[in-house]
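This report describes a ligand and its surroundings, and then the packing of several helices. Please examine the sequence and structure before reading on.

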Amino acid sequence: MRLLLLGCSGFVGRELVPFLLELGHTITLVSRSTQPFPALAGDRLLCLKLDPADPASWQHDSLRQALAGAQGVVNLAGEPIAERRWTPEHLERLASSRVRTTELLVQAMAQLPHPPAVLVNGSAVGYYGTSADDRFGEAAAPGDDVLGQLCRQWEAAAQALPSPSRLVILRIGIVLGPDGGALGKMLPVFRAGFGGPVGSGRQWMSWIHRQDLCRMIAAALEDTTYNGVYNAVAPEPVRMADFAAALGRTLGRPSLLPAPGAILRLLLGDGAQVVLEGQQVLPERLAAQGFRYQYPDLSAALAAATSPGLR
Ligand SMILES: NC(=O)c1ccc[n+]([C@@H]2O[C@H](COP(=O)([O-])OP(=O)(O)OC[C@H]3O[C@@H](n4cnc5c(N)ncnc54)[C@H](OP(=O)(O)O)[C@@H]3O)[C@@H](O)[C@H]2O)c1
């Protein structure tokens, strides 16, 4: 397929782009950087240096032509959530980088006589809010906290897609890979022998190995039976204490020292909520779809995500 990718230069994109190329697809990548993947650049990977959250970008002929010629679009654009304090300005960036980008993309698709056949759009398990005990399938109601509201707006922007195009929304869980995300932050601490659960340890972690997320995105693009919202998580969410213990076992290091949530709150303010509170999310629709995980089990996922040469 000819694909247009937004927000695919980061932690997920680093695995997604080479994977989609291996599958034989041709990619135009929109990024605020000049060429995020210089080693892969060639006939089947073009890069447009544009900000997809800026309306002016959508007036550029290069982007309009790439969208008009695309058969599928993947939109994962979004300012990182848990890296900085949530000041009002930062909250605005978190929202506009997701909601505005999605609105502009959908408006541009709506103007085409022959729009791309499919849009795979990001969302997150934060849609459901947080809970120590509830279990969330796709039909559960959204939470009314900051991330719940943000995800609802993000999805509503995607849902405005006109009907000839198929829409797949992935509510992504905690993505496991060695070079970023939550695991990327925990690994150095665990390797140094100072690892342990963060906060109470009782919060849920609904995780997904990055390779499985990439396989889900490819399936959503290629298989026309994928439609609507999917929880993009593995079938076995775990509590933080169990996650930390499994990581300690995988690395042959202790998981002893609980890191107090108060320190994280001091550093990240409200953003600490992403780590200190969680939600137990189940991939009901992926199970019904018959999606086959490469890493359904946490120990195998952690072993793969922490071994050089394996992904
Ligand atoms: N990683 C996880 O555990 C996880 C969990 C749930 C949901 N998600 C969602 O999945 C998506 C991809 O995750 P990721 O881990 O790959 O994120 P990432 O490494 O932070 O990459 C995010 C992408 O969004 C673009 N972006 C960042 N700030 C932007 C801004 N202000 N305006 C426009 N574009 C911006 C970047 O593109 P350029 O710099 O190339 O322009 C980058 O390619 C994100 O939307 C994230 O919220 C991730």
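## Basis of the report

How many Å separate an oxygen atom of the ligand from an N or O atom in the side chain of arginine 98? The distance is 2.7 Å.

This is a predicted model, in which local features need pLDDT of at least 70 and side-chain atom pairs count only at pLDDT 80 or more, while totals for chains, interfaces and linings use all residues. Residues are numbered from 1 along each chain as its sequence is written, and side-chain values use heavy atoms, with hydrogens and water left out.

## Contacts with the ligand

Two further polar contacts (pairs of N or O atoms within 3.5 Å) involve arginine 32 and phenylalanine 11. In arginine 32, a polar side-chain atom lies 2.8 Å from an oxygen atom of the ligand.

## The surrounding shell

The ligand is surrounded by 24 residues, each with a heavy atom within 4 Å of it. The closest are Ser9, Phe11, Ser31, Arg32 and Arg98. By class, the shell holds 11 nonpolar, 8 polar and 5 charged residues. Here Ala, Val, Leu, Ile, Met, Phe, Trp, Tyr, Cys and Pro count as nonpolar, Asp, Glu, Lys and Arg as charged, and the others, Gly among them, as polar.

Helix 3 (88-110), strand 5 (118-124) and strand 8 (174-176) each give two or more residues to this shell. Helix 3 gives the most, with 3 residues. Helices (H or I, at least four residues) and strands (E, at least two) are DSSP runs, numbered from the N terminus.

## Packing of the helices

Helix 3 also packs with helix 4 (residues 146-159): their axes, lines fitted to C-alpha atoms over the stretch in contact, come within 8 Å and cross at roughly 15 degrees. Helix 3 and helix 4 are therefore roughly parallel to each other, a term for angles under 35 degrees.

Helix 7 (residues 240-251) and helix 11 (residues 298-306) pack at an angle of about 50 degrees, with axes 10 Å apart.

How values were computed
A polar contact is a pair of N or O atoms within 3.5 Å; within protein, one must be able to donate a hydrogen and the other to accept it, and residues adjacent in sequence count only if both atoms are side-chain atoms. Axes are lines fitted to C-alpha atoms, for helices over the stretch in contact, and angles run from 0 to 180 degrees between N-to-C directions. Angles under 35 degrees count as roughly parallel, over 145 as roughly antiparallel, 65 to 115 as roughly perpendicular and the rest as oblique.
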